[in-house]
Amino acid sequence: FFRGKRLKALLSSQRMDQAARQPWAWLLLWVIVLFGSTLVAAGKCSSPSAPANANKPVCPSGTGTGKTCTFTCKAGYTGGGTVTCTSTGTWTQSGSCVAVNCGLPGTPANALAPTC
């Protein structure tokens with residue numbers, strides 16, 4: 001979360017000078033540095049991407065922590081499932097889409113066996 005230029009800007013000498021004048025600011029500054037990425041991620045996930053061979057998940061109740069979105073499979077695949085937003089801002093998946101396998105067709109009466 002805080003890398004490169006963002007971290008340098010956060011810890012710039014100007015900010016340090018401001019923090020020195022207000023004692024509570026030091027605490028706030030270090031809380032942001034230590035826990036910033038957790039605080040930002042907590043409570044909401046980004047829009048979920050489609051699992052392999054599935055359509056984009058539908059999220060009727062939003063993408064907050066604990067919210068579940070449902071996905072269906074693309075044509076030629078069977079199954080389906082859900083993705084759930086975790087408290088860390090990531091998605092966990094339950095279910096999947098697998099290719100439909102009809103097997104080889106039977107041999108019609110008075111015909112030769114089919115070849116593929």
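Which cysteine forms a disulfide with Cys 73? The partner is Cys 97, and the two sulfur atoms are 2.1 Å apart. This is a predicted model.

## Overall fold

The protein has three helices and three strands. Along the sequence they follow the pattern α-α-α-β-β-β. Of the 116 residues, 19% are buried. The accessible surface comes to about 8,300 Å². Carbon and sulfur atoms hold 59% of that surface.

The three strands form an open sheet in the order β1-β2-β3, with antiparallel pairing. Strands β1 and β3 are the edges, each pairing on one side only. From one strand to the next, the twist averages 10°.

Strand β2 covers residues 77–85, and β3 covers residues 91–99. Nine bridges join them in the antiparallel sense. Gly 79 stands opposite Cys 97 of β3. Val 83 has Gln 93 of β3 as its bridge partner. The two strands make a hairpin with five residues between them. In that turn, Gly 89 has a positive phi of about 85°.

## Three disulfides

The count of disulfides is three. With bonded cysteines numbered along the chain, the pattern is 1-5, 2-3, 4-6.

Cys 45 and Cys 85 form a disulfide with a sulfur separation of 2.1 Å. This pair links distant parts of the chain, 40 residues apart: Cys 45 is in the loop between α3 and β1, and Cys 85 is in strand β2. Both Cys 45 and Cys 85 are buried. The link is right-handed, with 95° about the S-S bond.

Cys 59 is joined to Cys 69, S to S 2.0 Å. Cys 59 lies in the loop between α3 and β1 and Cys 69 in strand β1, so the pair ties together parts ten residues apart in sequence. This link is right-handed too, with 110° about the S-S bond. Cys 59 is partly exposed because its relative accessible area is 22%, a value between the cut-offs of 20% and 50%. Cys 69, at 0%, counts as buried.

## The left-handed link

The torsion about the S-S bond of Cys 73 and Cys 97 is about -90°, so this disulfide is left-handed. Cys 73 lies in the loop between β1 and β2, while Cys 97 is in strand β3; the pair therefore ties together parts 24 residues apart in sequence. Cys 73 counts as buried at 16% relative accessibility. Cys 97 is buried as well, at 7%.

Cys 102 is a contrasting case: its relative accessible area is 73%, so the residue is exposed.

## The loop between α3 and β1

Helix α3 spans residues 23–41 and strand β1 spans 68–71; Gly 66 sits in the loop between them. Thr 63 is in the loop between α3 and β1 as well. Is Thr 63 buried or exposed? Thr 63 is buried, because its relative accessible area is 16%. Leaving aside neighbours within four places in sequence, its contacts include Cys 45, Cys 85 and Trp 91.

Gly 66 is partly exposed, with 49% relative accessibility. Beyond its neighbours within four places in sequence, Gly 66 is in contact with Thr 84 and Cys 85.

Methods. Residues numbered from 1 in each chain as written. Predicted model: local features only at pLDDT ≥ 70, side-chain atom pairs only at ≥ 80, totals over all residues. Heavy atoms only, no water. Helix = DSSP H or I, 4+ residues; strand = E, 2+ residues; numbered from the N terminus. Buried < 20%, exposed > 50% of the residue type's maximum accessible area, 1.4 Å probe, protein only. Contact = heavy atoms within 4.5 Å. Areas by Shrake-Rupley, 256 points an atom, 1.4 Å probe, with all protein chains shown as cover. Pairing = 2+ DSSP bridges. Axes fitted to C-alpha atoms, helices over the stretch in contact; angles between N-to-C directions. Disulfide = S-S within 2.5 Å.
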